Amino acid sequence: MNTSEFLFITKDKAIDSASFTWQTPSNIALVKYWGKSDPQIPKNASISFTLNNCHTTTKINFSKINKVEKADFELYFEGKKKDDFKPKIAKFFERIQEYCPYILEYKMEIHSENSFPHSSGIASSASGMSAIAMCLLSLEKELSPEITTEHFNKKASFLARLGSGSASRSIEGPLVVWGEHPEIKGSSDLFGVKFPYKVHPIFEDYQDAILLVDKGEKQVSSTVGHNLMHDHPYAENRFKQANENLSKLSKILQSGDMKQFINLVESEALTLHAMMLTSNPYFILMKPNTLEIINQIWKYREENDSNICFTLDAGANVHVLYPASEKEAINQFIKNTLAAYCQKNQYICDKSGYGAKIL
Ligand code: DP6
């Protein structure tokens, strides 16, 4: 795999200190990434809607020091020093120092906060890692002003992937593909690309209400989860199916066939959980209320001839997906019926968005 385009070669300027703040979103996969090999190479291609309201804001203050062996950084989360997140970020810096050698010449003070409630079960690694990657690229651009916006975003996605696979899909929006796929022009295992074809207007401003069924710590970390796909009896077929689903979804996104969209997206969510039910060790990540919500969504869809559907992450929360044209009616349905199945009636209304923003 050729990663040479991501090496840092030039350094035109000397910068003593700098500070950048980026806001980057979370994303929700329609075709799921579940299974990877080293270094963070996905076993199949995936696609997600970039979200708009669920995001991480990260500021990094860089101050020049004599070159060190290991990245020198402090981490503050929501104003407080957070040493338990440090090992994951230290590992990330170690992985990327080959591509960003300049990080060893700065002390980095990282200040991060999420727009969504702490331990809501919403994956923060996608938004968290992509925000750090964007701040690093901002420093890189100061050091080498000639880099293009295209290279900036591509390298940020490349770096973010090395922190968390799904983070590679959080730089741009509203639809991003990560993983090489013969029918998606420009796609790569190394970074995410914007879905390259014209999307049917029904998918514009697509709504995602995240129902917080279980806000506890994740029962299965993503590292453990992806590892379950090694020696999994159904893994090879699953990877094949995911790539086929992406071919189908690519056509559906262009044609706007909602019946097919709903069928494919819900099947992907249930298959992700089926992989966990059938791995060893095995996990049931849905809760009784997850199933109640799914049944209510199906009933509503039937009775109202609606295009509502759901997807799931590797947890009990339910993402309710619907076109903007049904926003009012479905928001009422969520408030009146589905909220009762959420912890403390909590849910977050979000929608597709356009990716990272500098502040
Ligand atoms: C179920 O990106 O969290 O959300 O690469 O180990 O950080 P790591 O995994 P991560 O896995 C996300 C899995 C998923 C599906 C998806 O987002 O595609």
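This section describes the domain arrangement, the ligand site and selected residues of a predicted model.

The domain assignment divides the chain into domain 1 (4-198) and domain 2 (206-351). The centres of domain 1 and domain 2, taken over C-alpha atoms, are separated by 25 Å. Across the boundary, 34 residues of domain 1 are in contact with 42 residues of domain 2.

The ligand is surrounded by 16 residues, the closest being Tyr33, Ser164, Gly165, Ser166 and Arg169. Both domains contribute to this shell, with at least three residues drawn from each of domain 1 (4-198) and domain 2 (206-351). By residue class, the shell comprises five nonpolar, seven polar and four charged residues. Oxygen atoms of the ligand take part in several pairings with the protein. A backbone N or O atom of glycine 165 is placed 2.7 Å from a ligand oxygen atom. On the side-chain level, an N or O atom of histidine 226 lies 3.0 Å from an oxygen atom of the ligand, and a polar side-chain atom of serine 222 is found 3.1 Å from an oxygen atom of the ligand. On its own the ligand has 460 Å² of accessible area, of which the protein covers 94%.

Two residues located in strands illustrate the buried parts of the model. Isoleucine 28 belongs to strand β1 (residues 17-31). Isoleucine 28 counts as buried because its relative accessibility is 0%, against a cut-off of under 20%. Beyond residues up to four places away in sequence, isoleucine 28 touches Ile47, Ser48, Phe49, Leu51, Asp208, Thr311, Asp313 and His319. In sequence, isoleucine 28 and asparagine 317 are 289 residues apart, while in space their C-alpha atoms are 12 Å apart.

Asparagine 114 is placed in strand β7 (residues 106-114). With a relative accessibility of 16%, asparagine 114 also falls under the 20% cut-off and therefore counts as buried. The side chain of asparagine 114 forms a polar contact of 2.8 Å with the side chain of threonine 56. Apart from neighbours within four places in sequence, the contacts of asparagine 114 are His55, Thr56, Phe77, Glu78 and Ser124.

Backbone geometry was also examined. Most residues other than glycine have a negative phi, and most peptide bonds are trans. Against this background, a cis peptide bond is present between glycine 173 and proline 174, with omega about 0°. Proline 174 is part of the loop between α3 (149-163) and β8 (175-178). A cis peptide bond likewise joins asparagine 280 and proline 281, where omega is about 0°. The loop that contains proline 281 runs between α6 (258-277) and α7 (288-304).

Positive phi values occur at two residues considered here, glutamine 40 and asparagine 345. For glutamine 40, which is not a glycine, phi is near 60°. Glutamine 40 is located in the loop between β2 (36-37) and β3 (41-42), and its relative accessible area of 4% makes this residue buried. Asparagine 345, also a residue other than glycine, has a phi of about 55°. The position of asparagine 345 is in the loop between α8 (327-336) and β13 (347-351). Asparagine 345 is partly exposed, since its relative accessible area of 47% lies between the 20% and 50% cut-offs.

Technical notes: Residues numbered from 1 in each chain as written. Predicted model: local features only at pLDDT ≥ 70, side-chain atom pairs only at ≥ 80, totals over all residues. Heavy atoms only, no water. Near = heavy atom within 4 Å. Polar contact = N/O pair within 3.5 Å; in protein donor to acceptor, adjacent residues only side chain to side chain. Areas by Shrake-Rupley, 256 points an atom, 1.4 Å probe, with all protein chains shown as cover. Nonpolar A, V, L, I, M, F, W, Y, C, P; charged D, E, K, R; others polar. Domains from an automatic or database assignment. Helix = DSSP H or I, 4+ residues; strand = E, 2+ residues; numbered from the N terminus. Buried < 20%, exposed > 50% of the residue type's maximum accessible area, 1.4 Å probe, protein only. Contact = heavy atoms within 4.5 Å.
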